[in-house]
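Let's take a friendly walk through one protein model, stopping at a few places on the way. Have your viewer ready and follow along.

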Amino acid sequence: MISYCSRCLYPNTKPDLWFQDGVCGACHSFDQRSKYDWTAGRQVFRDLLRANKKNPRYDCIVPVSGGKDSTYQVWRVLQEGFNPLCVTAPTDQLTAFGRANIENLKSLGCDYIEISVNREVRAKINRHAFFAVGDIQWPEHLLIYTIPVRAAVQFQIPVILWGECPQREYGAGRPEDAYLKYFDRRVLEEYGSLNGLRVSDLLAIEGVADRDLYFYEYPSVEDIDLLGLKGIYLDNYFPWNGISNTVISQSLGFRVSETNILGTISNYENLDNYVHGIHDYLKYLKFGFSRATDVACNLIRRNLLSREDAIVLLERHDGRYPAAYLDRTLAEILSYFEISMQEFDAVCDDYTNYDLFLQDQSGQLMRRKDGSPKLAASYLNLHS
Ligand SMILES: [Zn+2]
(Lines give C-alpha, C1' and ligand atoms only; values in the text may rest on other atoms or scores of the structure.)
Protein backbone atom coordinates (compact mmCIF):
# COMPACT_ATOMS: atom_id res chain seq x y z
CA MET A 1 0.00 0.00 0.00
CA ILE A 2 1.27 3.45 -0.86
CA SER A 3 1.68 6.17 1.71
CA TYR A 4 2.68 9.71 0.85
CA CYS A 5 4.91 12.47 2.15
CA SER A 6 2.77 14.71 4.31
CA ARG A 7 4.04 17.82 2.56
CA CYS A 8 4.42 16.94 -1.15
CA LEU A 9 3.03 13.89 -2.97
CA TYR A 10 6.07 11.63 -3.12
CA PRO A 11 5.11 8.04 -2.29
CA ASN A 12 7.05 5.61 -0.11
CA THR A 13 7.41 3.37 -3.21
CA LYS A 14 9.90 5.80 -4.76
CA PRO A 15 13.25 3.98 -4.93
CA ASP A 16 15.85 5.18 -2.41
CA LEU A 17 13.56 7.88 -0.98
CA TRP A 18 14.00 8.41 2.74
CA PHE A 19 11.43 9.78 5.18
CA GLN A 20 11.72 11.53 8.52
CA ASP A 21 8.66 12.45 10.60
CA GLY A 22 6.39 11.68 7.65
CA VAL A 23 8.21 14.16 5.40
CA CYS A 24 10.29 12.94 2.43
CA GLY A 25 13.98 13.53 1.85
CA ALA A 26 13.35 15.87 -1.07
CA CYS A 27 11.25 18.17 1.14
CA HIS A 28 13.80 18.04 3.97
CA SER A 29 16.61 18.86 1.51
CA PHE A 30 14.60 21.71 0.03
CA ASP A 31 14.19 23.24 3.50
CA GLN A 32 17.98 23.38 3.84
CA ARG A 33 18.12 25.77 0.90
CA SER A 34 16.86 28.70 2.92
CA LYS A 35 20.09 28.41 4.93
CA TYR A 36 22.32 28.65 1.85
CA ASP A 37 24.49 31.71 1.36
CA TRP A 38 24.26 32.08 -2.42
CA THR A 39 26.73 34.97 -2.55
CA ALA A 40 29.33 32.78 -0.88
CA GLY A 41 28.29 29.85 -3.12
CA ARG A 42 28.99 31.86 -6.25
CA GLN A 43 32.47 32.72 -5.00
CA VAL A 44 33.17 29.08 -4.13
CA PHE A 45 32.12 28.14 -7.67
CA ARG A 46 34.47 30.67 -9.23
CA ASP A 47 37.38 29.67 -6.98
CA LEU A 48 36.79 25.99 -7.65
CA LEU A 49 36.89 26.37 -11.43
CA ARG A 50 39.99 28.54 -11.28
CA ALA A 51 41.78 26.17 -8.91
CA ASN A 52 41.05 23.14 -11.09
CA LYS A 53 41.98 24.53 -14.49
CA LYS A 54 44.23 22.15 -16.38
CA ASN A 55 43.23 22.62 -19.98
CA PRO A 56 44.41 26.08 -21.08
CA ARG A 57 41.17 26.79 -22.97
CA TYR A 58 38.31 25.07 -21.19
CA ASP A 59 37.19 25.59 -17.60
CA CYS A 60 34.71 22.71 -17.28
CA ILE A 61 32.74 20.06 -19.11
CA VAL A 62 29.00 20.70 -19.21
CA PRO A 63 27.00 17.57 -20.11
CA VAL A 64 24.10 18.88 -22.18
CA SER A 65 20.94 17.42 -23.63
CA GLY A 66 19.61 20.63 -25.15
CA GLY A 67 16.84 20.72 -22.54
CA LYS A 68 15.82 23.78 -20.55
CA ASP A 69 18.20 22.95 -17.69
CA SER A 70 21.30 22.38 -19.79
CA THR A 71 20.60 25.52 -21.83
CA TYR A 72 20.44 27.42 -18.53
CA GLN A 73 23.64 25.75 -17.24
CA VAL A 74 25.66 26.79 -20.28
CA TRP A 75 24.30 30.33 -20.08
CA ARG A 76 25.18 30.55 -16.38
CA VAL A 77 28.75 29.37 -16.95
CA LEU A 78 29.22 31.90 -19.76
CA GLN A 79 27.72 34.66 -17.58
CA GLU A 80 30.32 33.89 -14.94
CA GLY A 81 33.06 34.40 -17.53
CA PHE A 82 34.11 30.77 -17.94
CA ASN A 83 34.50 28.71 -21.11
CA PRO A 84 32.66 25.38 -21.03
CA LEU A 85 33.13 22.45 -23.38
CA CYS A 86 29.60 21.12 -23.96
CA VAL A 87 29.30 17.37 -24.39
CA THR A 88 26.19 15.55 -25.56
CA ALA A 89 25.39 11.87 -25.46
CA PRO A 90 22.30 11.98 -27.69
CA THR A 91 19.03 10.51 -26.49
CA ASP A 92 17.73 7.17 -27.73
CA GLN A 93 15.26 8.56 -30.25
CA LEU A 94 15.88 12.26 -30.71
CA THR A 95 12.79 14.32 -31.59
CA ALA A 96 12.59 17.43 -33.77
CA PHE A 97 12.32 19.51 -30.58
CA GLY A 98 15.45 17.82 -29.24
CA ARG A 99 17.47 18.53 -32.37
CA ALA A 100 16.25 22.13 -32.63
CA ASN A 101 17.12 22.81 -28.99
CA ILE A 102 20.60 21.28 -29.36
CA GLU A 103 21.21 23.49 -32.40
CA ASN A 104 20.00 26.47 -30.34
CA LEU A 105 22.37 25.59 -27.51
CA LYS A 106 25.26 25.47 -29.99
CA SER A 107 24.53 29.11 -30.82
CA LEU A 108 25.10 30.31 -27.24
CA GLY A 109 28.83 30.86 -27.77
CA CYS A 110 30.75 27.74 -26.80
CA ASP A 111 32.41 24.70 -28.30
CA TYR A 112 30.26 21.60 -28.48
CA ILE A 113 30.87 17.92 -29.15
CA GLU A 114 28.35 15.15 -29.65
CA ILE A 115 29.31 11.50 -29.31
CA SER A 116 27.00 9.05 -31.03
CA VAL A 117 27.48 5.37 -30.36
CA ASN A 118 26.71 2.67 -32.94
CA ARG A 119 22.95 3.06 -33.46
CA GLU A 120 22.31 -0.53 -34.47
CA VAL A 121 24.04 -1.89 -31.37
CA ARG A 122 22.36 0.68 -29.16
CA ALA A 123 18.90 -0.33 -30.40
CA LYS A 124 19.70 -3.96 -29.53
CA ILE A 125 20.69 -2.86 -26.02
CA ASN A 126 17.49 -0.78 -25.68
CA ARG A 127 15.47 -3.84 -26.63
CA HIS A 128 17.39 -6.15 -24.30
CA ALA A 129 17.09 -3.74 -21.35
CA PHE A 130 13.37 -3.29 -21.95
CA PHE A 131 12.78 -7.01 -21.54
CA ALA A 132 15.49 -7.65 -18.90
CA VAL A 133 14.90 -4.73 -16.49
CA GLY A 134 11.86 -2.90 -17.91
CA ASP A 135 13.93 0.16 -18.87
CA ILE A 136 14.02 1.02 -22.57
CA GLN A 137 16.16 4.10 -21.80
CA TRP A 138 18.94 2.08 -20.14
CA PRO A 139 21.69 2.96 -22.65
CA GLU A 140 20.86 6.65 -22.31
CA HIS A 141 20.86 6.52 -18.51
CA LEU A 142 24.35 5.03 -18.62
CA LEU A 143 25.88 7.05 -21.47
CA ILE A 144 24.94 10.44 -20.01
CA TYR A 145 27.29 9.55 -17.14
CA THR A 146 30.11 7.74 -18.94
CA ILE A 147 30.54 9.93 -22.04
CA PRO A 148 31.22 13.20 -20.14
CA VAL A 149 33.82 11.34 -18.04
CA ARG A 150 35.45 9.98 -21.20
CA ALA A 151 35.54 13.53 -22.58
CA ALA A 152 36.97 14.91 -19.32
CA VAL A 153 39.88 12.48 -19.46
CA GLN A 154 40.37 12.89 -23.22
CA PHE A 155 40.58 16.70 -23.04
CA GLN A 156 42.11 16.89 -19.55
CA ILE A 157 39.30 18.99 -18.08
CA PRO A 158 38.96 18.02 -14.40
CA VAL A 159 35.56 19.56 -13.60
CA ILE A 160 32.26 18.15 -14.85
CA LEU A 161 29.40 20.53 -14.07
CA TRP A 162 26.03 18.81 -13.66
CA GLY A 163 22.73 20.60 -13.15
CA GLU A 164 20.58 19.71 -10.19
CA CYS A 165 21.62 17.20 -7.55
CA PRO A 166 19.11 14.30 -7.75
CA GLN A 167 19.70 13.38 -4.12
CA ARG A 168 18.57 16.85 -3.14
CA GLU A 169 15.99 17.72 -5.82
CA TYR A 170 14.30 14.32 -5.89
CA GLY A 171 15.36 12.85 -2.54
CA ALA A 172 16.95 9.92 -4.37
CA GLY A 173 19.70 8.00 -2.64
CA ARG A 174 21.86 8.60 0.38
CA PRO A 175 20.92 11.76 2.29
CA GLU A 176 24.57 12.57 2.89
CA ASP A 177 25.21 12.68 -0.87
CA ALA A 178 22.90 15.68 -1.18
CA TYR A 179 25.50 17.78 0.61
CA LEU A 180 28.52 16.64 -1.38
CA LYS A 181 30.43 19.43 -2.99
CA TYR A 182 32.18 16.86 -5.16
CA PHE A 183 31.26 13.41 -6.15
CA ASP A 184 33.64 10.60 -6.60
CA ARG A 185 33.70 7.41 -8.61
CA ARG A 186 31.46 5.60 -6.10
CA VAL A 187 28.72 8.18 -6.54
CA LEU A 188 29.17 8.24 -10.30
CA GLU A 189 28.66 4.51 -10.44
CA GLU A 190 25.97 4.29 -7.76
CA TYR A 191 23.78 6.81 -9.55
CA GLY A 192 24.57 5.54 -13.02
CA SER A 193 21.08 3.95 -13.11
CA LEU A 194 22.14 0.45 -14.05
CA ASN A 195 19.11 -1.30 -12.49
CA GLY A 196 21.13 -4.43 -11.90
CA LEU A 197 22.13 -4.80 -15.55
CA ARG A 198 25.90 -4.63 -16.00
CA VAL A 199 27.83 -3.54 -19.07
CA SER A 200 29.55 -6.93 -19.15
CA ASP A 201 26.09 -8.55 -19.44
CA LEU A 202 25.61 -6.83 -22.79
CA LEU A 203 28.10 -9.18 -24.46
CA ALA A 204 25.46 -11.90 -24.19
CA ILE A 205 23.29 -9.98 -26.70
CA GLU A 206 23.63 -11.28 -30.24
CA GLY A 207 25.44 -8.72 -32.39
CA VAL A 208 27.09 -6.86 -29.49
CA ALA A 209 30.88 -7.07 -29.27
CA ASP A 210 33.39 -5.68 -26.80
CA ARG A 211 34.57 -3.12 -29.38
CA ASP A 212 31.04 -1.60 -29.39
CA LEU A 213 31.10 -0.81 -25.68
CA TYR A 214 33.96 1.69 -25.28
CA PHE A 215 31.67 4.60 -24.42
CA TYR A 216 29.52 2.47 -22.11
CA GLU A 217 32.51 2.07 -19.81
CA TYR A 218 34.22 4.62 -17.58
CA PRO A 219 37.90 5.35 -18.20
CA SER A 220 40.32 3.54 -15.88
CA VAL A 221 40.52 4.50 -12.20
CA GLU A 222 44.15 5.49 -12.81
CA ASP A 223 43.23 7.93 -15.58
CA ILE A 224 40.40 9.45 -13.52
CA ASP A 225 42.62 9.83 -10.45
CA LEU A 226 45.48 11.26 -12.49
CA LEU A 227 43.13 13.91 -13.88
CA GLY A 228 41.71 14.64 -10.41
CA LEU A 229 38.17 14.47 -11.74
CA LYS A 230 35.50 16.34 -9.80
CA GLY A 231 31.79 16.20 -10.52
CA ILE A 232 29.95 19.22 -9.13
CA TYR A 233 26.34 20.36 -9.20
CA LEU A 234 25.42 23.88 -10.28
CA ASP A 235 22.57 23.96 -7.75
CA ASN A 236 25.16 23.90 -4.95
CA TYR A 237 26.28 27.36 -6.00
CA PHE A 238 23.28 29.05 -7.64
CA PRO A 239 19.55 28.84 -6.84
CA TRP A 240 17.90 26.18 -9.00
CA ASN A 241 14.36 26.42 -10.28
CA GLY A 242 12.97 24.61 -13.32
CA ILE A 243 10.54 27.42 -14.04
CA SER A 244 13.10 30.21 -14.09
CA ASN A 245 15.50 27.92 -16.00
CA THR A 246 12.77 27.63 -18.63
CA VAL A 247 12.16 31.39 -18.76
CA ILE A 248 15.87 32.09 -19.25
CA SER A 249 16.24 29.30 -21.82
CA GLN A 250 13.19 30.43 -23.79
CA SER A 251 14.60 33.94 -23.93
CA LEU A 252 17.69 32.34 -25.54
CA GLY A 253 15.68 30.54 -28.22
CA PHE A 254 14.75 27.28 -26.45
CA ARG A 255 11.57 25.82 -27.97
CA VAL A 256 8.70 24.36 -25.95
CA SER A 257 5.66 22.39 -27.07
CA GLU A 258 2.37 24.18 -27.76
CA THR A 259 0.54 21.49 -25.79
CA ASN A 260 1.01 19.56 -22.55
CA ILE A 261 3.44 16.65 -22.83
CA LEU A 262 1.91 13.20 -22.26
CA GLY A 263 2.43 11.85 -18.76
CA THR A 264 3.47 15.15 -17.20
CA ILE A 265 2.01 18.56 -16.41
CA SER A 266 4.23 20.84 -18.43
CA ASN A 267 5.08 21.75 -22.00
CA TYR A 268 8.76 22.45 -21.42
CA GLU A 269 10.43 19.15 -20.54
CA ASN A 270 10.68 15.56 -21.79
CA LEU A 271 10.63 17.05 -25.28
CA ASP A 272 13.77 15.52 -26.70
CA ASN A 273 13.14 11.77 -26.71
CA TYR A 274 10.37 9.65 -28.20
CA VAL A 275 10.83 6.96 -25.56
CA HIS A 276 10.08 9.21 -22.56
CA GLY A 277 6.43 8.11 -22.62
CA ILE A 278 7.39 4.43 -22.49
CA HIS A 279 9.91 4.96 -19.70
CA ASP A 280 7.50 7.01 -17.60
CA TYR A 281 4.65 4.54 -18.04
CA LEU A 282 6.82 1.64 -16.81
CA LYS A 283 7.83 3.78 -13.83
CA TYR A 284 4.14 4.22 -13.01
CA LEU A 285 3.48 0.47 -13.27
CA LYS A 286 6.47 -0.37 -11.06
CA PHE A 287 6.09 2.32 -8.40
CA GLY A 288 2.61 3.89 -8.70
CA PHE A 289 3.86 7.36 -9.62
CA SER A 290 5.62 8.97 -12.56
CA ARG A 291 6.91 12.16 -14.12
CA ALA A 292 3.84 14.30 -13.44
CA THR A 293 4.34 13.59 -9.72
CA ASP A 294 7.99 14.66 -9.91
CA VAL A 295 7.01 17.95 -11.52
CA ALA A 296 4.05 18.53 -9.19
CA CYS A 297 6.16 17.87 -6.07
CA ASN A 298 8.76 20.39 -7.22
CA LEU A 299 6.02 22.98 -7.69
CA ILE A 300 4.39 22.19 -4.32
CA ARG A 301 7.72 22.67 -2.51
CA ARG A 302 8.13 26.06 -4.15
CA ASN A 303 4.57 27.12 -3.27
CA LEU A 304 3.68 27.31 -6.96
CA LEU A 305 0.97 24.62 -6.79
CA SER A 306 -1.28 23.53 -3.93
CA ARG A 307 -1.32 19.90 -2.87
CA GLU A 308 -5.08 19.78 -3.49
CA ASP A 309 -4.80 21.07 -7.05
CA ALA A 310 -1.86 18.75 -7.72
CA ILE A 311 -4.00 15.75 -6.74
CA VAL A 312 -6.55 16.66 -9.40
CA LEU A 313 -3.84 17.09 -12.06
CA LEU A 314 -2.06 13.86 -11.18
CA GLU A 315 -5.19 11.75 -11.36
CA ARG A 316 -5.59 12.97 -14.91
CA HIS A 317 -2.01 13.09 -16.18
CA ASP A 318 0.32 10.79 -14.22
CA GLY A 319 1.11 7.36 -15.66
CA ARG A 320 -0.73 7.71 -18.95
CA TYR A 321 -0.57 4.85 -21.46
CA PRO A 322 1.82 6.13 -24.15
CA ALA A 323 -0.39 5.36 -27.18
CA ALA A 324 1.42 8.21 -28.94
CA TYR A 325 4.23 10.56 -27.97
CA LEU A 326 4.61 13.94 -29.67
CA ASP A 327 4.07 13.17 -33.38
CA ARG A 328 4.64 9.39 -33.34
CA THR A 329 2.43 6.46 -32.42
CA LEU A 330 3.60 3.86 -29.93
CA ALA A 331 3.77 1.24 -32.70
CA GLU A 332 6.07 3.51 -34.74
CA ILE A 333 8.33 4.14 -31.77
CA LEU A 334 8.51 0.46 -30.82
CA SER A 335 9.16 -0.72 -34.37
CA TYR A 336 12.59 0.97 -34.30
CA PHE A 337 13.54 -1.39 -31.46
CA GLU A 338 11.80 -4.40 -33.10
CA ILE A 339 9.30 -4.64 -30.25
CA SER A 340 5.68 -5.46 -31.10
CA MET A 341 2.65 -3.94 -29.38
CA GLN A 342 1.83 -7.37 -27.94
CA GLU A 343 5.33 -7.69 -26.50
CA PHE A 344 5.04 -4.18 -25.08
CA ASP A 345 1.79 -4.93 -23.28
CA ALA A 346 3.15 -8.25 -21.99
CA VAL A 347 6.27 -6.56 -20.57
CA CYS A 348 4.09 -3.86 -18.98
CA ASP A 349 2.05 -6.57 -17.33
CA ASP A 350 5.19 -8.37 -16.11
CA TYR A 351 6.51 -5.23 -14.43
CA THR A 352 3.20 -4.08 -12.92
CA ASN A 353 3.14 -4.14 -9.13
CA TYR A 354 -0.41 -5.41 -8.70
CA ASP A 355 -0.42 -4.42 -5.00
CA LEU A 356 -0.49 -0.77 -6.05
CA PHE A 357 -3.50 -0.92 -8.38
CA LEU A 358 -7.23 -1.60 -8.12
CA GLN A 359 -8.38 -5.07 -9.15
CA ASP A 360 -11.85 -6.46 -9.74
CA GLN A 361 -13.14 -9.60 -8.02
CA SER A 362 -11.45 -11.83 -10.60
CA GLY A 363 -8.08 -10.16 -10.02
CA GLN A 364 -8.11 -8.18 -13.28
CA LEU A 365 -6.68 -4.67 -13.13
CA MET A 366 -9.26 -1.90 -13.23
CA ARG A 367 -8.24 0.61 -15.87
CA ARG A 368 -8.71 4.24 -16.84
CA LYS A 369 -10.08 5.11 -20.28
CA ASP A 370 -6.61 5.15 -21.84
CA GLY A 371 -5.85 1.61 -20.61
CA SER A 372 -3.56 2.54 -17.70
CA PRO A 373 -4.37 0.88 -14.35
CA LYS A 374 -6.11 2.81 -11.57
CA LEU A 375 -4.10 3.41 -8.41
CA ALA A 376 -5.40 1.50 -5.39
CA ALA A 377 -4.49 4.38 -3.09
CA SER A 378 -6.52 7.33 -4.27
CA TYR A 379 -4.71 10.57 -3.62
CA LEU A 380 -8.04 11.97 -2.48
CA ASN A 381 -8.01 9.68 0.53
CA LEU A 382 -5.04 11.61 1.83
CA HIS A 383 -7.41 14.07 3.47
CA SER A 384 -9.34 11.52 5.47
ZN1 LIG B 1 7.92 15.52 0.28
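This is a predicted model: local features need pLDDT of at least 70, side-chain atom pairs count only at pLDDT 80 or more; totals for chains, interfaces and linings use all residues.

A search of the whole structure turns up 18 salt bridges, and a second one to visit joins the side chains of Arg127 and Glu343, at 3.7 Å from N to O. Here Arg127 belongs to helix α5 and Glu343 to helix α15 (residues 341–351), so the pair ties together parts that are 216 residues apart in sequence. How exposed are the two partners? Arg127 is partly exposed, because its relative accessibility is 28%. Glu343 is also partly exposed, with a relative accessible area of 28%.

The next pair is Arg211 and Asp212, whose side chains meet in a salt bridge at 4.0 Å, N to O. Is each partner buried or exposed? Arg211 has a relative accessible area of 76% and is therefore exposed. Asp212, at 16% relative accessibility, counts as buried. Salt bridges can also link up into a network, and here one connects Lys68, Asp69, Glu269, Lys283, Arg291 and Asp294.

Let's go on to empty space. Rolling a probe the size of a water molecule over the atoms shows where such space is left. The second largest pocket holds about 210 Å³. Which residues lie nearest its centre? They are Pro90, Thr91, Asp92, Leu94 and Arg119, out of 16 residues that line this pocket. Helix α5 (residues 119–133) gives the most to the lining, with four residues.

Ile243, Val247 and Leu304 form it, and together they have about 250 Å² of accessible area. Val247 lies in helix α10 (residues 242–251). This valine counts as exposed, because its relative accessibility is 53%.

Now for some backbone geometry. Asp16 has a phi near 65°, a positive value in a residue other than glycine. Asp16 is part of the segment before β1, and its 56% relative accessibility makes it exposed. Asn270 likewise is not a glycine, yet has a positive phi of about 55°. Asn270 is found in the loop between α10 and α11. With a relative accessible area of 14%, Asn270 is buried.

How far is Pro15 from Phe287 in sequence and in space? They are 272 residues apart in sequence and 8.1 Å apart in space, C-alpha to C-alpha. In the loop between α10 and α11 (276–287) sits Thr259, exposed with a relative accessible area of 53%. Thr259 and Leu326 are 67 residues apart along the chain, and their C-alpha atoms are 9.4 Å apart.

The last stop is Leu313, in helix α13 (residues 307–317). Leu313 has a relative accessible area of 31%, so it is partly exposed. Between Leu313 and Ile144 there are 169 residues of sequence separation and 31 Å of space, C-alpha to C-alpha.

Definitions and conventions. Residues are numbered from 1 along each chain as its sequence is written. Side-chain values use heavy atoms; hydrogens and water are left out. On a 1 Å grid over the protein atoms alone, a cavity is a set of points where a 1.4 Å probe fits but cannot get out, and a pocket is an open set with protein on both sides within 12 Å along at least five of seven lines; lining residues have an atom within 4 Å of a point. Grid points are joined across faces, edges and corners, and a volume is the space filled by probe spheres set on the points. Helices (H or I, at least four residues) and strands (E, at least two) are DSSP runs, numbered from the N terminus. Patches are made of residues with over 30% relative accessible area and no salt bridge: like charges are joined within 9 Å, nonpolar side chains (Val, Leu, Ile, Met, Phe, Trp, Tyr) within 5 Å. Accessible areas come from the Shrake-Rupley method with a 1.4 Å probe; for residues, only the protein chains shown count as cover. Buried means under 20% relative accessible area, exposed over 50%, partly exposed in between (1.4 Å probe, protein chains only).
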